[in-house]
Amino acid sequence: MRGFRWPPPPDGGPRTWGPGPGGPRTGRPALPEPETELIATPHGVRLERLVTGSGDPVTVFAHGLGNGIATTRPFGSGVTGRKVFFQFRGHGRSDSPPGRWSYLDLARDLRAVADLGGATRAFGASLGAGALCRLLSESPDRFDKLVFFLPAALATRRAEVARRRITDLLDAVAGGDAAALADVVAVELPPAVRNTPAGWAYLRQRLDQLLRDGLAPGLAGLPDQVPLTEPGQLAAVTAPALVIGCAGDELHPVGVAEELAAALPNATLHVYDRPGVLWSERADLRGRVAGFLNG
């Protein structure tokens with residue numbers, strides 16, 4: 001396979017090297033940038049929010065570190081009712097209060113958005129799954145249904161490879177170097193997708209968002225923290241839960257998903273057999289999340 005190259009081909013690529021026909025090729029079109037709003041919260045941190053859909057029930061979607069509304073919107077595509085997407089502190093247009101942040105702070109962000117939106121169901125991805133766990137440890141009956149996608153940490157600190165990847169991302173964003181940032185973000189793509197039209201489209205969208213909005217330095221301390229002191233703190237959570245893990249994902253070890261599913265009294269665990277499920281199992285993943293929440 002050809003190696004990753006930057007900058008991207010101007011026609012949407014991938015560009016082939018050597019003789020042969022070529023022409024404009026475009027990747028999967030990105031979701032249009034929606035109109036978001038800044039909302040005030042009881043704990044004094046303004047958060048960026050997007051509400052789509054109509055009616056009940058209401059589901060809140062919590063994103064992963066360095067991601068945001070754009071990356072969680074696809075998970076709600078088949079979910080009925082209203083969908084509330086937001087940006088944690090330090091992401092997008094949300095506030096970046098001074099001081100050291102913790103999972104307790106993230107749980108407060110999530111709780112505020114859920115309460116203001118009247119959410120009865122919750123979806124958490126990676127960092128968002130950790131924030132959801134922290135919220136549930138204090139309010140085990142807050143939601144009627146729960147989905148945890150690729151939980152990254154529970155009661156054990158994240159592995160060094162994950163902490164290093166996050167540090168690299170924050171450093172590249174702070175430096176404002178598009179090429180360096182592209183090298184870091186490209187690791188999110190499965191090798192088979194890099195240098196394809198869909199891969200370039202994803203990379204452009206991620207870089208545009210990160211270079212425009214940035215990431216707050218306060219996020220750097222989160223990979224060294226854990227949502228819970230021990231998994232038993234979730235023993236009182238009786239809501240049906242779907243936990244989704246992925247074998248071979250070094251940033252989101254499958255053992256964390258297994259541990260979380262074992263800690264939740266009413267959980268179903270599904271493990272995909274290879275990483276990159278957002279590319280290789282996209283339709284199945286969306287259908288699985290929507291089927292669980294709608295059912």
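Reply: The model is a predicted one. Start with Arg-134 and Glu-138. Their side chains form a salt bridge, with N and O 3.6 Å apart. Both residues sit in helix α3, and because they are four residues apart, about one helical turn separates them. Arg-134 is partly exposed, at 22% relative accessible area. Glu-138 is also partly exposed, at 43%. The cut-off for buried is under 20%, so Arg-134 at 22% does not count as buried.

What about disulfides? The structure has zero. A disulfide is a covalent bond between the sulfur atoms of two cysteines.

Rolling a probe the size of a water molecule over the atoms shows where empty space is left. The count here is one cavity of 30 Å³ or more. The largest cavity has a volume of about 30 Å³. Its lining includes Ala-129, Gly-130 and Cys-133. Pro-151, Ala-152, Ala-153 and Leu-154 also contribute, as do Ser-126, Val-256 and Leu-260. Two elements give two or more residues each: α3 (127-138) and α7 (254-263). Helix α3 provides the largest share, three residues.

Next, the strands. β5 covers residues 121-125 and pairs with β6 in the parallel sense, over five bridges. Gly-124 stands opposite Phe-148 of β6. β6 spans residues 145-149, and five of its five residues are buried, so the strand is largely enclosed by the rest of the structure. In a regular strand the side chains alternate between the two faces of the sheet. In β6, Lys-145, Val-147 and Phe-149 point one way. Leu-146 and Phe-148 point the other way. Both sets are buried, Lys-145 included.

Now set the opening contact against other salt bridges. Side chains of opposite charge can pair when their charged atoms come close. The whole structure contains 16 salt bridges. One of them joins Asp-109 to Arg-89, at 2.9 Å from N to O. This pair links distant parts of the chain, 20 residues apart. Asp-109 lies in helix α2 (103-117), while Arg-89 lies in the loop between β4 (82-86) and α2. Both ends are buried: Asp-109 is at 0% relative accessibility, and Arg-89 is at 4%.

Arg-288 and Asp-284 form another salt bridge, with closest N and O atoms 3.2 Å apart. These two are in helix α9 (282-294), four residues apart, or about one turn of the helix. Arg-288 is partly exposed at 29%. Asp-284 is partly exposed at 32%. Elsewhere, salt bridges with shared partners connect Arg-157, Glu-160, Arg-163 and Asp-224 in one network.

Methods:
Residues are numbered from 1 along each chain as its sequence is written. This is a predicted model: local features need pLDDT of at least 70, side-chain atom pairs count only at pLDDT 80 or more; totals for chains, interfaces and linings use all residues. Side-chain values use heavy atoms; hydrogens and water are left out. On a 1 Å grid over the protein atoms alone, a cavity is a set of points where a 1.4 Å probe fits but cannot get out, and a pocket is an open set with protein on both sides within 12 Å along at least five of seven lines; lining residues have an atom within 4 Å of a point. Grid points are joined across faces, edges and corners, and a volume is the space filled by probe spheres set on the points. A disulfide is a pair of cysteine sulfur atoms within 2.5 Å. A salt bridge is a side-chain nitrogen of Lys or Arg within 4 Å of a carboxyl oxygen of Asp or Glu. Buried means under 20% relative accessible area, exposed over 50%, partly exposed in between (1.4 Å probe, protein chains only). Two strands pair if DSSP finds at least two bridges between them.
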